[in-house]
Amino acid sequence: MPYVFIAPNMLIFLTFIIWPAIRGVYISFFDSIDGRNFDYVGTANYSSIFGDPTVASVARNTATYVVFYVIISTVLSLMFALVVNEQKFAKGFFRAILFLPVMLSPVVVGLIWNDVLDRKVGPLNALLEAAGGGSPGWMVEPKLGMIAVIFVGVWVHLGFYSIILLAGLQGIDKSLLEAAAMDGATRIQIIRLIILPLLKPTTLVIVILSTIHGFQSFDFIYTLTGGGPLGATTLIVQYIYDRAFQSPIQYGLGSAAGVILFLIIFAFTALNFLVGKKKNAL
Amino acid sequence: MNKSLRSKLAIAASLVLSVGLVATGLPSAQAASGLKPTAAQLSAWKDKEITYYFYNDSAQELETTKTQIAAFEKLTGAKVKLDVIPFTSLDTQLQARLAAGNAPDVARLNNPGFYQNDALPLETYLGKKYAAEFLKGSTLQVTHPTTKKLIGTPYDLSMNGPFINVDMFKKAGVAIPTAWNWTELVAAAKKVQAATKSEYAFAMDKSGHRMSTVFSQYGAFMVDKNKRNVLTSSKFRAEKALKLITDLYKADQAPRDLWIGTGTKYSSPTSVFLAEQTPVMFSGNWNLATFAKDAKFDFQVAPNPKELNGGGWPGGKFLMAFKASKTPDLAAYFLYFLSDADQMEQMCQNAFWIPTRNDLVAQGIKYPTRAADMAVFLKDTANTPAATYGIQSVPTLTGPIYNKLRDLMTEVMAGKITAKQAIAQQIAFIDAQLATLKK
Amino acid sequence: MSKLTVTKPKSTWTSASNRKVPTAGSIFRTTFLLMMTFIVLAPITWFVLSSFKDLTDLSARPPKLFPSRWAFENYSEAFNAYNYTRYFFNSVFVTTVATFLTLLINSMAAYAFAKYNFRGRDGLFVMTLAMIMIPLQVILIPIYLVVASLGLVNTYWGMIIPAAATPTGVFILRQYMLTIPDELIESARIDGAGEFRIFARIVLPLCRPALAVVAIFSILWRWNDFIWPLLIAQREELYTLPVALALLNGQLVVPYNVVLAMSVMSIIPVLFMFIFMQRQIIQGIAQTGMK
């Protein structure tokens with residue numbers, strides 16, 4: 001009987017996720033330029049990925065993005081959750097506002113920031129110039145491009161992480177806090193010594209989630225910078241996408257890169273999970 | 001997204017030939033074959049539907065296509081489903097459809113070389129003599145390399161060249177040129193920019209194909225008709241040409257942000273020209289229709305600058321029918337219909353196309369408006385050197401070669417490498433690409 | 001995994017003491033919150049204002065905050081010259097049907113995982129979770145080929161079915177169902193109710209909060225989904241809003257002002273949903289995160 005319940009879901013999983021994933025691994029050992037004819041190349045795709053300098057820069061970009069994205073997201077969302085938690089009034093309002101970007105489609109996000117960050121007609125630079133700060137080319141200088149992309153990435157998801165943390169904060173036993181206050185602890189001390197440690201499991205969730213999101217970032221980045229300037233914001237998912245949608249088309253190579261990406265995400269998630277378990281945080 | 005906008009066509013050579021022949025009074029046109037469907041075909045075709053995979057460079061092309069489709073439907077009783085695809089996804093979507101077994105019946109293409117083995121050979125349906133109706137050079141791109149049979153028709157010839165904003169030139173007191181070289185073009189553009197305080201002096205489509213025009217005028221070419229890398233022997237000229245253009249971008253006298261900030265995506269500065277932010281825009285005749293419709297200022301087509309060589313750089317679009325079509329004879333007939341003299345003439349007149357049919361070339365097209373502009377393009381077409389079609393000998397490589405050039409240009413503009421290094425890398429890239437052909 | 005605690009969020013400030021808030025702290029808090037609010041709202045407001053500017057205003061240097069004239073034709077053009085109504089309909093259709101499908105099959109699967117003991121249950125569940133980690137682009141081409149071989153390309157079903165078996169949905173519903181007492185189900189069985197009846201009449205109604213959350217997630221994902229519909233919808237009649245926007249943005253001459261107008265219009269339905277269902281959304285995510 002349970003099998004009947006599971007069946008439809010599992011059927012779709014198998015047909016549209018598991019089977020294609022297996023097929024993807026299979027394709028990674030072939031070369032194909034049209035998706036219909038496949039030439040066996042063994043591990044050539046994998047070795048060419050590891051020897052390709054473009055891939056090295058893509059890997060660097062991805063690592064940079066993920067590291068900064070995870071750290072900034074975690075810290076900022078923690079700050080926001082803690083601050084909102086202390087807030088007396090309009091708590092719901094602030095929570096809701098921050099959540100707004102989460103609901104935007106990645107295409108719209110890219111469009112918004114393309115406009116705002118435009119070197120010549122964007123309001124950000126207009127404000128900066130008025131303040132005497134010059135007119136940086138956010139999407140034209142490689143380093144600035146990465147900064148812009150990290151910023152926008154964080155901007156989109158911050159509300160999501162904050163809400164999870166806020167829920168975690170709600171789950172903390174109030175009596176603990178009151179007892180500490182009665183013992184004369186300041187609010188800051190309470191936050192530092194009681195709340196934060198108790199929040200560790202939730203924080204770990206945020207780290208894991210943001211890592212996965214970070215590795216999977218593509219849509220809004222592509223709309224924003226197309227992977228430029230000069231490939232500075234080309235992350236691994238775009239690298240895979242380009243193998244299928246930019247000439248020269250290389251489906252096999254793209255699949256191989258996909259397999260590698262999955263293994264990386266899997267490894268990271270497992271690592272995070274194990275570290276968390278070890279520290280008895282879960 | 002595949003970005004080879006105007007592909008590598010040998011049309012120029014044959015157009016030179018045929019225009020030259022016309023000039024000498026020798027008729028090279030062949031009578032149109034005048035195919036009409038039989039009664040049996042008409043009854044078989046009634047209410048059948050075919051798909052036309054289409055993209056358009058201008059609103060006029062779309063409108064004219066719709067009119068012609070209506071006429072076709074009336075003529076045959078069949079239905080044509082028009083799928084309008086944005087240019088940037090043209091090849092990727094088509095390849096996705098072919099891979100899915102969802103092929104259209106007829107498609108309008110930029111890169112026919114990719115689809116050689118999917119294309120319907122036309123001889124069966126349209127006869128052996130059909131290929132002769134078109135300019136010899138144009139049909140090379142739609143001739144199967146091994147069977148040597150016609151697998152599509154050259155739908156139009158395109159020619160690269162500069163557009164200028166006449167109002168801005170007049171305001172700056174700079175004379176409208178009747179002939180110039182690149183140095184003069186850049187000087188004039190800068191003068192106009194300074195006088196009118198426009199944002200930029202110059203703009204060019206983000207495309208290696210457009211850059212090849214400048215190469216050609218400086219006497220540099222990338223691949224010759226024997227599939228050889230000839231950039232090596234013309235590299236100093238190529239460096240000069242590259243430096244000329246990239247210097248403008250580096251100095252922000254051309255829209256640098258549009259070029260650098262869009263990564264691997266295509267961008268065209270047509271909106272820059274329409275917003276009167278640049279007095280000179282280097283593009284091609286396909287934009288004439290859009291400018292004619294949308295420009296709120298006086299503009300005209302200027303002759304291509306002449307350095308070592310004159311003329312421009314050819315491109316074109318093609319029609320192909322697909323083997324996978326469920327009604328191949330109907331598909332072939334639709335293709336024939338669109339490529340026939342009457343329809344082509346109409347399209348040329350409405351959308352400012354340059355014809356590829358021998359009969360139309362012989363009689364000439366009477367453009368109802370902007371005839372002077374088209375005359376400039378046609379003159380440049382006639383002067384385009386034969387070597388421009390060399391790269392067409394490697395149709396499957398032109399996309400990557402143009403894209404690599406474009407990417408190298410981006411790096412030069414960003415100051416990462418010099419023009420010299422860029423050309424060296426392009427040479428190496430072409431060698432690597434040519435090597436894949438030998439495998 | 002820790003058990004899910006279903007708590008209503010407290011709306012009172014948990015004060016550790018009865019003293020008034022220290023001024024320094026509240027200043028910092030207010031500043032921080034206002035700053036965040038600005039960073040979030042400013043770009044969006046700018047965007048909405050820009051959608052009312054005509055092309056000249058859009059390329060104005062320096063940019064002006066308000067349009068020099070309100071270009072309502074951006075919006076009307078979206079309907080007239082471009083097929084906005086169709087795209088909107090497609091988005092609504094795909095989102096609605098997909099959400100119903102997702103709710104149905106996810107809840108069924110979650111019920112099996114939560115309330116039955118069967119061979120392979122834990123293994124299958126872990127596998128379900130692992131799939132959250134597979135980014136779509138990685139399996140994009142193989143999925144496409146599979147969908148193509150099933151003849152689902154260029155159909156609504158092709159856009160709806162493949163993503164319906166969301167692992168997150170299964171997970172959320174399972175967590176919630178775990179808290180439903182087994183006795184309820186047992187007694188229903190004793191009363192002679194069939195398994196499916198139990199599921200439909202007893203379990204599902206109890207899961208309303210979780211179902212609401214999954215529904216909301218599904219609506220959000222499907223409404224904004226871009227890559228998959230882009231691949232599947234090969235004819236303009238099937239384009240959903242994000243696809244139409246992305247393709248419009250790739251035209252030879254981008255009608256930027258219309259793109260802006262369409263983008264703004266595409267945000268509105270989601271915005272409404274958010275305003276009305278704020279509480280459920282936030283509660284739901286909070287409860288998910290508590291895994």
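The model is predicted: local features need pLDDT of at least 70, side-chain atom pairs count only at pLDDT 80 or more, and totals for chains, interfaces and linings use all residues. Residues are numbered from 1 along each chain as its sequence is written, chains are lettered from A and ligands numbered from 1 in the order in which they are written, and side-chain values use heavy atoms, with hydrogens and water left out.

## Extent of the B–A interface

The contact (heavy atoms within 4.5 Å) takes 26 residues from chain B and 24 residues from chain A. The two chains bury about 2,000 Å² between them, 47% of it on carbon and sulfur atoms; buried area is the accessible area (1.4 Å probe) that two parts lose on being put together, summed over both.

## The A–C interface

Chain A contributes 90 residues to its contact with chain C, and chain C contributes 95 residues. Together they bury about 8,500 Å², of which 79% is on carbon and sulfur atoms. Phe5(A), Phe16(A) and Met103(A) supply 9% of the area that chain A buries against chain C, more than any other three residues.

Between chain A and chain C the count of salt bridges is zero, while five residue pairs, both at pLDDT 80 or more, are in polar contact. Helix α1 (residues 2–27) of chain A provides the largest share of the side that touches chain C, with 20 residues; helices here are DSSP runs (H or I, at least four residues), numbered from the N terminus. That side of chain A divides into 65 nonpolar, 14 polar and eleven charged residues, where Ala, Val, Leu, Ile, Met, Phe, Trp, Tyr, Cys and Pro count as nonpolar, Asp, Glu, Lys and Arg as charged, and the others, Gly among them, as polar.

Key: A salt bridge is a side-chain nitrogen of Lys or Arg within 4 Å of a carboxyl oxygen of Asp or Glu. A polar contact is a pair of N or O atoms within 3.5 Å; within protein, one must be able to donate a hydrogen and the other to accept it, and residues adjacent in sequence count only if both atoms are side-chain atoms. Helices (H or I, at least four residues) and strands (E, at least two) are DSSP runs, numbered from the N terminus.
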